[in-house]
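Please look at the sequence and the 3D structure below.

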Amino acid sequence: MCIKGAFLSAIVLLAAAASCSSADPANIGNVEWDPDRWEISSRHLVQGAYQSRMSLANGYLGISVAALGPFFEVDYGNDTNGWPLFNKRQTFATIAGFYDANDHDGGTNFPWLAQYGGDSFLSGIPHWAGLLVTSDGAVLDASTSAANVKNFETKLNMREGIQKWEFDWYPRLQATGFGSETLDEPPFIKVEYEMFAHKLHINQGVVQLRLYSDYDLEVTVHDVIDGGGALRTNPVEESYEKGEPIILSAVSPKNLANVTAYVASTLRCDQFEELRTRSRSNLAHGVQSSIGQSVDAKLVSGQWKAFTKFVGVASSDAFTDPKQTAIEASQSGAHTGFAALRRSHAEEWKTIMTEDSVDRYIFANGSQTSDPRPQELVLSSVMNPFMLLQNTIGPKAIESASYNPNLNKHSIPVCGLGSDCYGGMVLWDAEIFMGLGLQLSHPHHVENVINYRVATYPQAKENVKSAFTSSKNQTGRFTGGAVYPWTSGRHGNCTASGPCFDYEYHLNGDIAIAFRNQFIATGNVQQFKDVLLPISNDIAYFYSELVDYNETSGFYELWNATDPDEYANNVDNVGFTTALIQKTLNETNLLNAQFGLPQNETWNEIARKMRLPVHEKSGVVMEYASMNGSVTVKQADIVLIDDILNYDNPYSLTDLDFYANKASPDGPGMTYATFGIVANEISPSGCSSYTYHHYSGQPYARAPWFQHSEQTIDPPSDNGGTHSAFPFLTGMGGANRVALFGYLGLRMFVDYLDIDPSLPPQITFIDYRTFYWQGYGINASSNATHTDLRRMPDRILDTANVAFKDNIPVSLGTRKMTYELNRDNVVTVPNRMLGQKPTVAGNILQCKPVFVPHANSSLSAPVPGQFPLAAVDGASSTKWQPLNATDMHYITVDTESDSFAPIQYVYFDWAENPPIYFEVLTSNASLSPFELQNGDVRNVTSGVVEITQPWDPEKALEIRSIVGNQTNVTVYERVWSGRYVHLGMWGNQGKDNETKGGTVSGGGWDASMACEAEDSGTRREPREGGGCMAKCAPIRVPYQGDEGMPAAAPWMAKTPPPLWIYSCRALSWGEVRKAPEVWRRMMTRKWERREGVNVASASSLGVMVKSAVWRRALVRAVMPVKMEAWRYPAVLLKMRAGWSGVVVMVRR
């Protein structure tokens, strides 16, 4: 069992006269990032694991491929996808919109609704990327062992949208069962693969294989379409053309015989005569819908040979003759050739992922290579939009497809087109997390999200009639409107997994927000007025009939609903959705007025009589009326009010602090993107937005491609039972929002551009991605103090709103400042200086760089997301928590100052899991605090942590503002600050750990650094470097029976022990009592359990003395122990042979 270490929510050091980056290692190992090429590469091969598979897509077709190459693969373990399918994890290929119907094989939310019809899950198509090789009886495919591969490297270039693999394959050793390491120079074949789904010609996919050998070898290359990927389908046709090197497979989605998808593949070789050897592949058998063709080839020593498959894919959902469309796409690709197709594909990606389409960072440490945290932000600022854009179709691709109206209307599934997580269905994730950031930089690419809701709008109107299946079944209650189901696929009807009633009604308001934001981004007046606003009106109409009037309170309320926090189902008066309904009613009326349409006075009346459920005493907006203080929150909920609603909320700051502390560690990453955005908006000081920004990405990113998992920890046995969705585009979309909505402070209003910028001190400059407001491209860039806005004359959409052609009004959030941004000027606005404003006056640590000594050891490992930088970001809502409580853990803060002063105070906020022991040291060198031989290290304070907020089960259900356990130390003597400040802590007194309740019952160690004479109490000056010059006087530790001591204190000896404390000043009885208590806990937890007996060896004693720093303890030995003397400033410690007692050296 892993015992987690204590939280450190905040530490503050105050100098007499006088702020968050981290050098912690990333959890993404064996990965290289080229920021110029936008290319990720990895030499680490992990097979049979879904996290290692990359998904490639172009918005119409998508596919995931094995780690070793473009192969079909099934996970090696027993892990499955999560709800609702719970099927085996494997590579997946599909077509946008290729959903089945009336499917009853998945999990549900409301099982009884299944009687009214089944669900609609995304069906697979045959996995089309396979180019396999056989040689010497061995097969190169996903099952090829890493032992038979050397020099492996795989690359993903995001400027061009191309994935590559290269490695040396040892077929003879594979065939004989020996690994490549068994011979000094075994024969091998050099293998290179290159693959892409064409971004411009959306029916085409291409895979090229190149082979090289230093030997003359015979090989067979197999072009395989693998039916193992065709999940939830029925086979229709497999075809092996005799006259042309073409194979074809066709399938229909489950329960839909009138819909068919076709996959065609044309094989090309360097030499035409090799095609004469073509035959059916013997590797495509045993699975329905599988088909293959193979050719024999001779590798000539020293020469490369290439084989290319050109794939065409089409379904009858979008094409009237999908078979012919697929075949023509395959043949035209072969005719065009690999080089030309690659070039046109890469050029299309370069027009989409332009240099100014991503956020560009410059960091305070001056480097993007030495500090992994900023480096990860740079990488993710490219990877996140790339993953989202892969699952969209751009305007040029639509034009290339002759403006086919059936192509761009299928939204974005939770995990994109390379996975069937969440059944491949569409949820609110598309509108609020994936689409919200992307529609500002690529508004035309988000049209598929908007068009999907438009396409399913007629069904949404019909869905209102299903109210009889719910608690809202009163006759005649609903007279119109539209309601969308929680999950939806082909039709958008209410289902058992996607109910329309008694569940997450907020989806409908989320759709209205997406419509409004699309208008703000594109300026497309006609589309909004004629198409989108009528749907928003029907959503508002539905909301107006959905709420109930509470005669007792006099307010309209929403009953029997679920907010975004899905841990709380079917509750009354839900907070976020109440705010959303109120906002939807008001804003729809305002938009109607703007377009000359009549207002609905009933909506205004209802909105006036709606109130959020507020716990007045704590100042917290409750998730629901019956919520209590024991709540654990799955994901962002109430905090979304301040993120996306533009809602006047006087409880914003207490909401963030409360719900950040209540967030489940097993929740998804988009939560922390929301926290980061809101923290930058409402925090009065500090840099917690930067902490949350990292939290929204780093714990969820997986090697090698930085694709997000839904959970910080993937094994269900370790994360509360959740089978992580992967790749979780919702989390990547959330992280993609932080720069614009967080640091720039962008808020969405239709008639003015609203920003409120503030950069954390760790980021010295951001050149934000170009974003569109009312169709006009805008560039914004921020330094530490100011932000510049300028219009981009070459970035104007054809839908731009002419009302803002000359001037764009600009406002600064709640600051009463306005500007005009015209076509020629640059508007410069002041930033809010949050990070430079100390939360506690005089704090010399806030938002300063943090690093961990022994960064590559287990001692550096934090709980996922609980970064060391959180200890100094000035916010109580973020935390550092080491992974275990059994070791002494240190972090070091670089004050970045060469001007030193005596430290006056040390403040700690330990949150709800205080450690047992802590110590604070300073030095002028960035040494590990373990290296105590260096006399530069000075002890500021140390001691046992007193629990100031003890766990009280009788108050556990109370909603209270968050107050952590705090330790406040006044330093009376001169201990100089130094360049570096080190914090060490050990143990955990939290209520959820073994040290529950703690054995510390009173105040902690005296923190005074004064040196007092043992006889008179007069002060002595500290010597240079810290420490006391006074002679240390021995004090005997009390025992049972001593005057004033308890009769049977468990920590006390029954007879007078040879136990002494040596102190540089007189100690009180209370202080003396605590010394052996600290020792007892140390020895019990750290040494007795580890050694098994109450004996410590000389070597372990040495480690202990060094790790314990200024508090020194030596365990009683059964056998005499001889040890060398250690010399510390003002302390000489010896252990003589024959001693059988404990010596505790208290360094004061």
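## The model

This is a predicted model, in which local features need pLDDT of at least 70, side-chain atom pairs count only at pLDDT 80 or more, and totals for chains, interfaces and linings use all residues. Residues are numbered from 1 along each chain as its sequence is written, and side-chain values use heavy atoms, leaving out hydrogens and water.

## Helix 6

Helix 6 runs over residues 429–441. Helices here are DSSP runs of H or I, at least four residues long, and strands are runs of E, at least two, numbered from the N terminus. All of helix 6 is buried, 13 of 13 residues, so the rest of the structure largely encloses it. Buried means under 20% relative accessible area (1.4 Å probe, protein chains only).

Helix 6 has a kink of about 60°, centred on Gly-435. The bend is the angle between axes fitted to the seven residues ending at a residue and the seven starting there.

## Aromatic pairs

Rings of Phe, Tyr and Trp (its six-membered ring) pair if their centres lie within 6.5 Å; planes under 30 degrees apart are stacked, over 60 edge-to-face, the rest tilted. The count is 38 aromatic pairs. Phe-528 and Phe-595 have ring centres 5.7 Å apart and planes at 45°, so this pair is tilted. The two residues are 67 residues apart in the chain. Phe-528 is buried at 1% relative accessibility, and Phe-595 is buried at 14%.

Ring pairs also join Phe-110, Trp-112, Trp-428, Phe-433, Trp-486 and Tyr-503 into a cluster.

Definitions and conventions:
The expected span of a helix is 1.5 Å times one less than its number of residues. Buried means under 20% relative accessible area, exposed over 50%, partly exposed in between (1.4 Å probe, protein chains only).
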